[in-house]
Amino acid sequence: MNLSKSLVWFRRDLRTFDHAPLHHALRSSQQVYCVFVYDTDILDELPKDDRRLRFIHASLAQLDTELRRLGGYLIVRHGSARDEVAALAEELGIDAVHAGTDHEPSAIARDLAVAEQLAGRDCAFHTYKDQVIFEKQEVLTLAGGVFSVFTPYKNAWLKRLAAHPETLATYPVDAHAHAFAPPTGAPAALPALEEIGFTSGEPPLPAGMDGAEAMFEAFVTEMADYGRARDFPAEEGTSRLSAHLRFGTTSIRHLVRSARDMVQSGTGGTGASVWLSELIWRDFYAMVLSQNPHVVERSFKPAFDAVTWDTGAEADALFAAWCEGRTGYPLVDAAMLQLNQTGFMHNRLRMVTASFLTKDLGIDWRRGERYFARQLNDYELASNNGGWQWAASTGCDAQPWFRIFNPVTQSTRFDARGEFIRRYLPQLAKLDGKQIHAPWLVKSDVLAERGVVLGRDYPAPVVEHDAARQRTLERFAVVKKVVAETVDAKDDANDD
């Protein structure tokens with residue numbers, strides 16, 4: 001059936017190429033309109049200077065330009081998406097709304113509400129997989145279950161891709177552009193950020209489709225060394241494409257196709273296979289969230305909900321020190337300052353800082369997860385939650401709770417010369433490559449010679465790592481007890 005009018009609702013897919021919802025709408029309709037909603041249900045929770053809004057705004061400007069090149073245009077609304085989409089569909093006489101599937105619980109609830117409103121207006125609502133390669137239960141164990149460990153999931157993921165290469169087929173747009181509803185009158189300017197209550201300014205990284213492709217092309221030239229360089233925060237060894245994946249200014253199919261081709265041809269060296277694994281991790285965490293929505297509020301492993309985290313004034317003070325980069329552990333503090341100043345944090349440092357908050361400070365992983373959610377340019381619920389639960393040992397395929405990162409060891413291994421630390425803690429710049437990782441171990445007169453007085457120029461450690469490690473082992477001992485009681489209960493049930 002060729003529907004007369006369709007509306008493509010852009011959300012986390014701000015591009016005009018390899019776009020499943022746009023492709024299907026153009027092929028099934030005589031006229032296609034496009035909309036993006038600055039959703040107040042989301043925006044009302046954000047600070048007014050949120051960097052991500054500047055990225056989105058710049059990306060929308062490029063999206064509108066590209067849509068106009070193809071013969072269409074972008075409508076931008078500001079309000080609750082639950083109401084705005086249905087109202088626009090009625091205003092334009094839309095027969096079907098097309099959008100990319102979103103697996104976050106709040107997005108699922110929103111889409112159900114929109115679908116219900118549309119149905120009342122005799123308007124269909126179609127969603128399409130566009131954020132991941134495999135979703136929901138497309139990759140299962142041999143027994144038909146859902147994976148909870150990454151490596152077997154990755155192997156099954158690769159096997160399914162080999163069996164179904166069409167999964168990576170592109171969704172062309174240009175060839176069907178004749179179906180776009182043309183703009184009428186003079187082009188309407190996109191609303192300025194000030195008009196919707198936010199601060200304008202430069203985006204935190206190159207935005208839009210052009211920004212994504214430029215960053216990808218630059219990364220490809222360094223791909224072969226990715227397996228090594230990705231662990232060292234002082235180097236530009238990562239793609240930094242995560243924000244572009246989050247907002248869909250690039251296509252996950254495009255990136256996976258490219259990585260796979262480089263693996264098969266050998267042009268990407270060992271780095272291409274490592275980077276492909278990172279893209280698969282993203283699918284894995286998206287699957288975990290979709291199949292286990294309880295992880296948003298609780299531990300993936302129920303036994304770990306028995307862990308008691310520190311609360312009260314002292315914990316709040318320690319949490320503030322962690323947030324503000326003044327724990328006295330230079331690598332942790334430099335990482336947090338990088339996050340606060342730029343909205344980016346290197347993946348190695350995400351693990352180090354998350355481990356420090358949960359295992360050294362004894363603070364609930366959910367507090368750290370929420371802080372990252374406010375600060376990260378690339379914040380994505382599934383990956384952020386998965387990473388935090390991995391570090392806290394409460395998640396699937398997580399770091400064992402008795403393995404605890406030593407922040408000084410991590411610093412000497414991955415920032416041996418202190419280059420990254422000096423970038424964000426210039427007050428420590430005169431310390432040498434050995435002293436800079438643990439200033440409290442340096443004699444006070446030597447520190448003074450280098451312009452550092454602990455407590456004045458840089459804080460003393462807020463906790464002693466070895467003592468904190470012992471407290472963590474004691475804290476997690478409850479998990480063994482809960483597991484044992486669960487096993488005993490099952491045995492009793494079997495006896496009955």
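Reader: How do α13 and α15 lie to each other?
Author: In this predicted model, the axes (lines fitted to C-alpha atoms over the stretch in contact, with N-to-C angles from 0 to 180 degrees) of α13, residues 330–342, and α15, residues 365–375, cross at roughly 40° and come within 9 Å. Under 35 degrees counts as roughly parallel, over 145 as roughly antiparallel, 65 to 115 as roughly perpendicular, and the rest as oblique. The two helices are therefore oblique.

Reader: What should I know about the numbering and the model?
Author: Residues count from 1 along each chain, and side-chain values use heavy atoms, without hydrogens or water. Local features need pLDDT of at least 70 and side-chain atom pairs 80 or more, while totals for chains, interfaces and linings use all residues of this predicted model.

Reader: Which residues make the contact of α13 with α15?
Author: Contact means heavy atoms within 4.5 Å. From α13 come M336, L339 and N340. From α15 come Y371, F372 and Q375.

Reader: Is β4 buried or exposed?
Author: Buried means under 20% relative accessible area, exposed over 50%, partly exposed in between (1.4 Å probe, protein chains only). A96, H98 and G100 point one way, V97 and A99 the other. Five of the five residues qualify, so β4 is largely enclosed and buried.

Reader: Which residue of β5 stands opposite A99?
Author: β4 and β5 pair in the parallel sense over five bridges; pairing takes at least two in DSSP. Opposite A99 stands T127.

Terms used: Helix = DSSP H or I, 4+ residues; strand = E, 2+ residues; numbered from the N terminus.
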